[in-house]
Amino acid sequence: MGKSTGLLLALPGLLLLAGVVGLPLLYALYLSLTDYTFLKPSMAFQGLRRYLDALQDPYFRHALALTGIYVGLTVGLTLAFGLLLAVLLHQRLPFRGFHYFAVSLPMLIAPVGVGLIWKMILHPELGILAYLFGGRDFLGDARYALLTLALVDVWQQASFAALVLLAGLRSLPKEPLEAAHVDGATPWQAFWRVTFPLLLPVLGVLLILQVVAEARTYDLVYVLTRGGPGTATDLVSFYIYRKAFLGLDLSGAAAMGYLLLVATLSLTALYYRGLTRA
């Protein structure tokens, strides 16, 4: 099969992808260069003014900083717990099927469902955790709200990370590990000096996927806190939503969305470059 035949076969899929993904992106880019609001639907060209407005908006900068902290917390904890679960599942445990099911269960629940479950568990009057901690309102107290939101997210995302890392562990060659045991390495030394370096490419891919996913977190914020208390959990995706549909400023929200897209793509390109060099 020649190259032209391959391109011809791929053409329908490429056209569909361009229509589904490309057209909305182009329309959002066009909106971000205008002054369009729901109250004043003007398409007058404004150049990069809405981008400059977004960068000077203190609430947007606060949301970006909060999102950076949130991404750092959730990605770090997700990879750590995912690796721990993957190593445990890699052992010869009894009832292995049940353990797989239990670990996979959070991943199978929609984020909105996860939010509703944890909203009941964390309810200050009816929730079991509030009862155990003396009626503490974890989502209503600005000191705990962001950390609580991040832990709920980690509870769901760690199962996906564990399954990806488990697949990575099972695909590793056995010879280096057997050689380490013959040389007298302890289990910890064998893991840290042989298994972990071999697993780094899988961790790198997972890191990219998790950073992109966490930077776009919206549904858990919407269900659990609505950005509050105050602006304690006002992550950037939720702030962009509020800008568009509560502030009615569609072009401003489109500009902020593009800034978030550029930041996410830059991080992804950076990690990918480091990964390919490694």
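User: What should I keep in mind about the model and its numbering?

Analyst: This is a predicted model, in which local features need pLDDT of at least 70 and side-chain atom pairs count only at pLDDT 80 or more, while totals for chains, interfaces and linings use all residues. Residues are numbered from 1 along each chain as its sequence is written, and side-chain values use heavy atoms, with hydrogens and water left out.

User: How many helices and strands does the protein have?

Analyst: Helices (H or I, at least four residues) and strands (E, at least two) are DSSP runs, numbered from the N terminus. Here the protein has 12 helices and zero strands. Along its principal axes, the C-alpha trace spans about 75 × 70 × 30 Å.

User: How do I read burial, and what share of the residues is buried?

Analyst: Buried means under 20% relative accessible area, exposed over 50%, and partly exposed in between (1.4 Å probe, protein chains only). In this protein of 278 residues, 36% are buried.

User: Which residues have the most contacts inside the largest nonpolar core?

Analyst: A nonpolar core is a set of buried Ala, Val, Leu, Ile, Met, Phe, Trp, Tyr and Cys residues joined through side-chain atoms within 4.5 Å. The largest one here has 20 residues, and Leu-83, Leu-165 and Leu-199 have the most contacts inside it. Helices α3, α7 (145–171) and α9 (187–215) each give two or more residues to this core, with the largest share, seven residues, coming from α9. Contact means heavy atoms within 4.5 Å; leaving aside neighbours within four places in sequence, Leu-83 is in contact with Leu-165, Phe-191, Phe-196 and Leu-199. A second, separate core of 16 residues includes Phe-138, Leu-220, Leu-224 and Phe-238.

User: Where does α9 bend?

Analyst: The bend at a residue is the angle between axes fitted to the seven residues ending there and the seven starting there. For α9 that angle is about 45 degrees at Leu-200, and a proline, Pro-201, follows within four residues. The end-to-end span can be read alongside this: the expected value is 1.5 Å times one less than the number of residues. With 29 residues, α9 would reach 42 Å as a straight helix, but its end C-alpha atoms are only 36 Å apart.

User: Which residues are linked in a network of salt bridges?

Analyst: Side chains of opposite charge can pair when their charged atoms come close. A salt bridge is a side-chain nitrogen of Lys or Arg within 4 Å of a carboxyl oxygen of Asp or Glu, and the count comes to eight. Asp-35, Arg-49, Arg-50, Asp-53, Lys-243 and Asp-249 are linked in a network. In one of its pairs, Asp-35 meets Arg-50 at 3.2 Å, N to O. Asp-35 lies in the loop between α1 and α2, and Arg-50 in helix α2, so this pair ties together parts 15 residues apart in sequence. Arg-50 also bridges to Asp-249, with the closest N and O atoms 2.6 Å apart. That pair spans 199 residues, from helix α2 to the loop between α11 and α12. Both Arg-50 and Asp-249 are buried.
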